[in-house]
Amino acid sequence: MLTPIKTNEREIFMDVLRGFAILGIFIANLNGFSFWNNGSGAKDSIFLLPDADQKMIFVHHWLIEGKFYSIFSFLFGWGIALQLKRSQINGVQSYSLLLRRLSVMLLLGALHLLIWIGDIIFLYAMMGFVLLFFTRFSNKVLLILATCFVLLPILFYGLKMNFKILNAPAMLLYQAGDWADNKLTGVNSEETFKAFIKNAGWWDILKSNISGFFFRYADLFFQSRIVKVLGLMFIGIVVGRTDFYRNIKQHKKIIRYIIAAGLIIGLPANFILASYMQSHDGSYYNFKMDGFYRTIAYALGVAPLALAYVACMMLVFQKKTAAKILSLLAPVGKMAFTNYIMHSLIGNFIFLPAGLGYMGSVGPVYYTILALNVFLFQIVFSTYWLRYFNYGPLEWIWRSATYGKWQAFNKITTNN
C-alpha cells in the first residue's frame with residue numbers, strides 16, 4: 001500500500017525552485033489583480049508612476065512574463081516522474097494514486113477559479129491526466145515532443161491567420177463568457193463592466209468569476225497554452241526519470257549549454273516579445289503579422305529563458321553558502337499551494353472595490369514592491385508554520401483527500 005512521502009524524503013531543491021517560481025507568478029498575476037492600466041483608478045494616485053511603470057512592465061514582460069509558469073510546468077512534470085518512480089519501487093505499477101491526486105487537484109482548482117480566474121491549478125490537473133498517457137514514451141521521444149510542443153504555437157497561429165475556423169474553440173468560449181456575463185452580472189461591454197465592478201460586492205465578484213472561467217479558457221486556447229505547458233512538463237518528466245539533478249556533476253556541460261541558450265536566444269527573443277506586448281495595438285488578437293512575430297518571439301524566448309533560470313539555480317545551489325541562503329525559500333515552496341491561494345486572497349482584498357478598492361490605482365513599480373513584501377512575509381510565515389505542522393493547511397487537505405484518511409497534521413515534539 002502506498003503511503004505519503006515523508007518530509008525528510010522531499011527534494012529540498014525542488015521546494016526552493018517552487019518558492020522562487022511562486023514569487024514570479026505573483027508578480028505576473030498582480031498585473032491582472034491591479035487593473036492598473038484600464039483607467040478605472042484615480043489618475044492622481046501616489047502609487048501610479050507613469051514613466052517608471054511603463055519601464056517596469058517592460059522588464060516584467062522581458063524577464064518574468066511566462067517564464068515562471070513555465071518553471072512550474074517543468075516542476076509539475078518532475079514531480080509526476082518522482083511519484084511514478086516511487087510507486088514502482090514499492091511494487092505498485094498503478095496510476096490509481098496519481099489519478100486520485102489529480103482529481104482532488106482538479107476540484108480544488110475549480111474552487112480557486114471562483115476566487116481568481118487566472119488560476120493554473122485546474123489547468124495543471126487536466127494536463128496531468130494527459131501527461132500520464134505520455135509517460136509511456138522514452139526520454140528521447142519526450143524531449144523531441146517537448147521541442148515540437150513549445151514551437152507548435154507558431155504553426156497554430158499561422159494556420160489560424162489563414163483559416164479562422166481553427167480558432168472556433170476559443171471563439172465559442174468567448175461567446176459563452178459574454179452570455180454568462182450578461183446573464184449573471186448584466187455586463188455586456190467594457191463600460192458596463194467598469195460600472196459593475198465599482199459597486200460589486202463579494203457575491204457579485206463570485207458570479208463574475210463564473211463567467212470569467214470561459215474567458216480564461218478561451219484565452220488559453222487562443223494562445224495555444226496547452227501545448228506550451230505540456231512541452232515543459234515533458235522536460236520535467238525526463239529530469240525526474242533520469243535523476244538529472246542528483247547527478248548534477250555529470251551534467252554540468254549540459255547545464256551550461258542550457259544557460260547559454262537562455263542568454264543568447266532567450267534574452268533577445270524575450271526583449272522582442274516585451275516590445276510587442278508593450279504596443280497594446282491589438283495585433284496579436286486580430287491575427288496580424290505583428291501577432292505572428294510575437295508568437296515566434298514567445299516560443300523562442302520563454303521556454304529557453306525559463307530553463308536557463310532553472311539551470312542557474314541548480315548550479316548556484318551546489319555552493320554551500322548559496323544553498324543555505326536559497327533554502328530560506330524552501331518552506332514557501334513546500335507550502336506552494338497555500339501560498340498561491342494566499343496571493344489570490346490578498347490580491348482580491350487589496351484591489352477589488354469590495355475590499356480596499358485600490359483597483360487601477362497601483363502601478364507595476366508599487367505592486368512589485370507589494371509582491372516582494374508579501375513574499376518576505378510568506379518566507380517567515382511558512383518557516384514558522386512548518387515548525388509546528390507537517391503541511392500547509394491546503395496541502396494537508398489535498399493529501400488527506402488523496403489518501404482517503406486524515407494525515408498527521410501536528411508535528412510530534414518530545415521533551416529532552
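**Note on selected local features of the structure**

1. The side chain of His251 reaches the backbone oxygen of Asn247 at 3.0 Å, which is a polar contact (a pair of N or O atoms within 3.5 Å; within protein, one able to donate a hydrogen and the other to accept it, with residues adjacent in sequence counted only if both atoms are side-chain atoms). His251 belongs to the loop that joins α10 (225-242) to α11 (252-279); helices here are DSSP runs of H or I with at least four residues, numbered from the N terminus. With a relative accessible area of 16%, His251 is buried (under 20% relative accessible area; exposed is over 50% and partly exposed in between, with a 1.4 Å probe and protein chains only).

2. The model is predicted: local features need pLDDT of at least 70 and side-chain atom pairs count only at pLDDT 80 or more, whereas totals for chains, interfaces and linings use all residues. Residues are numbered from 1 along each chain as its sequence is written, and side-chain values use heavy atoms, leaving out hydrogens and water.

3. Ser224, in the loop between α9 (202-222) and α10, has a positive phi near 55 degrees. Ser224 is buried, at 10% relative accessibility. Asp243, in the loop between α10 and α11, likewise has a positive phi, of about 55 degrees. At 28% relative accessibility, Asp243 is partly exposed. For context, most residues other than glycine have a negative phi.

4. Helix α4 (residues 96-113) packs against helix α5 (residues 121-134) at an angle of about 155 degrees, and their axes lie 7 Å apart (axes are lines fitted to C-alpha atoms over the stretch in contact, and angles run from 0 to 180 degrees between N-to-C directions). The two helices are therefore roughly antiparallel (an angle over 145 degrees). The crossing of α4 and α5 is left-handed (the near helix is turned anticlockwise from the far one by less than a right angle).

5. Which residues of α4 and α5 meet? Among them are Leu98, Leu102, Met105 and Leu106 in α4, and Ile121, Phe122, Phe129 and Leu132 in α5. The residues of this contact of α4 with α5 comprise 14 nonpolar, 4 polar and no charged.

6. Tyr309 is located in helix α12 (residues 289-316). Apart from its neighbours within four places in sequence, Tyr309 is in contact with Phe20, Leu63, Lys67, Phe68 and Ile71 (heavy atoms within 4.5 Å). The C-alpha atoms of Tyr309 and Val227 are separated by 21 Å, and the two residues are 82 residues apart along the chain.

Methods:
Parallel < 35°, antiparallel > 145°, perpendicular 65-115°, else oblique. Nonpolar A, V, L, I, M, F, W, Y, C, P; charged D, E, K, R; others polar.
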